[in-house]
Amino acid sequence: LLFEAVNYAKGKSFKRIGLLTNGLLIDDNLADQLKIFDIIQLSIDDVSYQEGKGYRPNYLSKLDSVLKLLKGKNIPLKIQCTINKSNLKNFSKILEYAKSLEIPIGFNRTSPVGSACSLDRKVILQKEELKEALELINSNLDPIMVKCSDPLTVLINKDKKDFTLESKKCICGGCTAGIAGCYVSVEGEVYACALLRVSVAN
């Protein structure tokens with residue numbers, strides 16, 4: 001069903017179709033089928049796990065092997081990391097891990113959506129912590145290798161802010177929900193954004 005949906009989207013001239021996954025089910029056979037996507041994004045929580053500190057199990061060893069498998073097949077890759085209280089202190093290590101594999105990495109913040117709804121203030125970044133995280137990410141941004149998809153980055157990055165104010169008809173650092181892309185869940189629900197869970201179709 002997944003590949004049928006991708007082929008349908010390609011037939012409708014979608015310019016870029018990506019898959020966001022933790023990679024746990026990817027093996028050599030499935031990897032070949034995933035070449036249908038324009039990019040595969042693999043989630044990473046941390047590179048220095050401490051028992052009971054993270055909010056998901058440690059799957060770094062599996063992720064590491066999957067990243068190398070897909071890279072070996074020349075499949076376009078991106079590592080995606082959601083920053084929260086448990087991994088913010090290891091930001092530099094996460095960044096270095098991506099650089100060591102020569103794979104681009106994108107950052108966002110952990111939001112109380114989906115399975116993260118049960119998370120509390122011990123995990124979700126509060127206002128000052130979010131500002132610290134965005135400033136840290138912004139200081140390490142690179143056009144190719146390090147990006148941030150959080151719309152609030154525009155408040156930290158002066159160049160983005162100035163460009164956004166000057167280009168009123170252009171989306172630059174702001175929310176692109178339902179305008180420049182959409183999100184399809186594993187259940188087939190279509191959302192304007194992964195963080196905006198109001199289904200428009202299935």
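Two strands are said to pair if DSSP finds at least two bridges between them; helices (H or I, at least four residues) and strands (E, at least two) are themselves DSSP runs, numbered from the N terminus. Strand 2 (residues 39–44) and strand 3 pair in this way, in the parallel sense and over five bridges. This is a predicted model, in which local features need pLDDT of at least 70 and side-chain atom pairs count only at pLDDT 80 or more, while totals for chains, interfaces and linings use all residues. Residues are numbered from 1 along each chain as its sequence is written, and side-chain values use heavy atoms, with hydrogens and water left out.

**Strand 3 and its partners**
- Ile44 has Cys81 as its bridge partner in strand 3.
- Strand 3 is also joined to strand 4 by five bridges, and these two strands run parallel; Gln80 stands opposite Gly106 in strand 4.
- Six of the seven residues of strand 3 are buried, so this strand is largely enclosed by the rest of the structure, where buried means under 20% relative accessible area, exposed over 50% and partly exposed in between (1.4 Å probe, protein chains only).

**Helix 5**
- Helix 5 (residues 127–138) has 12 residues and reaches 16 Å from its first C-alpha to its last, close to the 16 Å expected at 1.5 Å a residue, the expected span being 1.5 Å times one less than the number of residues.
- The buried residues in helix 5 are Leu130, Ala133, Leu134 and Ile137.
- Seen down the axis of helix 5, these buried residues fall within an arc of 95°, so they line one face of the helix; the arc is that of the directions from the helix axis to the C-beta atoms.
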